[in-house]
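This report describes local features of one protein model. The sequence and the structure are shown first.

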Amino acid sequence: MFRSMFNAFANLFRPVRTHPYPAEPMPLPTAWRGLIEYNEEACIFCDKCEKACPPKSIRFFQHEDGRKEYRYNAWLCIYCGECVRACPKPEEALWQSETKARPAVKADNVNGGWFDWEAECAQSRDDYAAAKKAARAAKKNEGA
Ligand code: SF4
Ligand code: SF4
């Protein structure tokens, strides 16, 4: 009894061991995995993130003028961080944010739209590669 009274009294002067939430926001765990954030300005369009992504939730659309466009599906993403690890410019072009993974409201038919987009991306690349090949062949014929 004396012991517990002593401990109760001593605890009044010991440092607080719990976190005073919500007065202070909770620190993020070290293994926290948030949404994937992308910065087009820093991206060098090497496609490494796209190749590294297991569920293929990153896709680049190839424009005719050579420009590439980044697309990311947050509902397909498994937040593994492989894209960030593969990126030659982590924290600048690609990083995992402090935003909690998976937005609360899921848009209707998001994956249906995504799979259409995926097919368009693949088609855009094939078209671009075919156009480049044709241009090379035309140049070669001009030189011959
Ligand atoms: S975190 Fe994983 S699943 Fe999500 S985009 Fe990156 S590589 Fe793909
Ligand atoms: S890996 Fe990084 S630099 Fe390369 S395309 Fe992806 S975001 Fe851009």
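## Basis of the values

The model is predicted: local features need pLDDT of at least 70, side-chain atom pairs count only at pLDDT 80 or more, and totals for chains, interfaces and linings use all residues. Residues are numbered from 1 along each chain as its sequence is written, chains are lettered from A and ligands numbered from 1 in the order in which they are written, and side-chain values use heavy atoms, with hydrogens and water left out.

## Aromatic pairs

A pair of aromatic rings is described by the distance of the centres and the angle of the planes. Rings of Phe, Tyr and Trp (its six-membered ring) pair if their centres lie within 6.5 Å; planes under 30 degrees apart count as stacked, over 60 as edge-to-face and the rest as tilted. By this rule the whole structure holds five aromatic pairs. One of them is the stacked pair of Tyr-38 and Tyr-70, with 3.7 Å from centre to centre and 10 degrees between the planes. This pair links distant parts of the chain, as Tyr-38 is in strand β1 (residues 36-38) and Tyr-70 is in strand β3 (residues 68-72), 32 residues apart. Helices (H or I, at least four residues) and strands (E, at least two) are DSSP runs, numbered from the N terminus.

How accessible are the residues involved? Tyr-38 has 21% relative accessibility and counts as partly exposed, while Tyr-70 is buried, with a relative accessible area of 12%. The terms are set by relative accessible area: buried means under 20%, exposed over 50%, and partly exposed in between (1.4 Å probe, protein chains only). Tyr-70 also pairs with Phe-60: the ring centres are 5.7 Å apart and the planes stand at 65 degrees, so this pair is edge-to-face. Here too distant parts of the chain are linked, with Phe-60 in strand β2 (residues 58-62) and Tyr-70 in strand β3, 10 residues apart. Phe-60 is buried, with a relative accessible area of 0%. One aromatic cluster is formed by Tyr-38, Phe-45, Phe-60 and Tyr-70.

## Charge over a ring

Arg-71 has its charged end over the ring of Trp-117, 4.6 Å from the ring centre. A charge sits over a ring if NZ of Lys or CZ of Arg is within 6 Å of the ring centre and within 35 degrees of the ring normal.

## Polar contacts

A polar contact is a pair of N or O atoms within 3.5 Å; within protein, one must be able to donate a hydrogen and the other to accept it, and residues adjacent in sequence count only if both atoms are side-chain atoms. Lys-68, in strand β3, is buried, with a relative accessible area of 16%. Its side chain is joined to that of Asp-47 by a polar contact of 2.9 Å.

Ser-97 lies in the loop between β4 (94-96) and α4. At 9% relative accessibility, Ser-97 is buried, and its side chain makes a polar contact of 3.4 Å with the side chain of Glu-37.

## Exposed positions and separations

Phe-2 is in helix α1 (residues 2-11) and is exposed, with a relative accessible area of 75%. Glu-142, in helix α4 (residues 110-143), is also exposed, at 67% relative accessibility. Glu-142 and Gln-96 are 46 residues apart in sequence and 49 Å apart in space, C-alpha to C-alpha.

Asn-39 is in the loop between β1 and α2 (48-52) and is partly exposed, with a relative accessible area of 26%. From Asn-39 to Pro-88 the separation is 49 residues in sequence and 13 Å in space, C-alpha to C-alpha.

## Backbone

Most residues other than glycine have a negative phi, and most peptide bonds are trans. The peptide bond from Tyr-21 to Pro-22 is cis, with omega near 10 degrees; Pro-22 is in the loop between α1 and β1.

Phe-45 is not a glycine, yet has a positive phi of about 55 degrees. Phe-45 lies in the loop between β1 and α2 and counts as partly exposed, at 27% relative accessibility. Tyr-79 likewise has a positive phi, near 55 degrees. Tyr-79 is in the loop between β3 and α3 (82-86) and is buried, at 7% relative accessibility.
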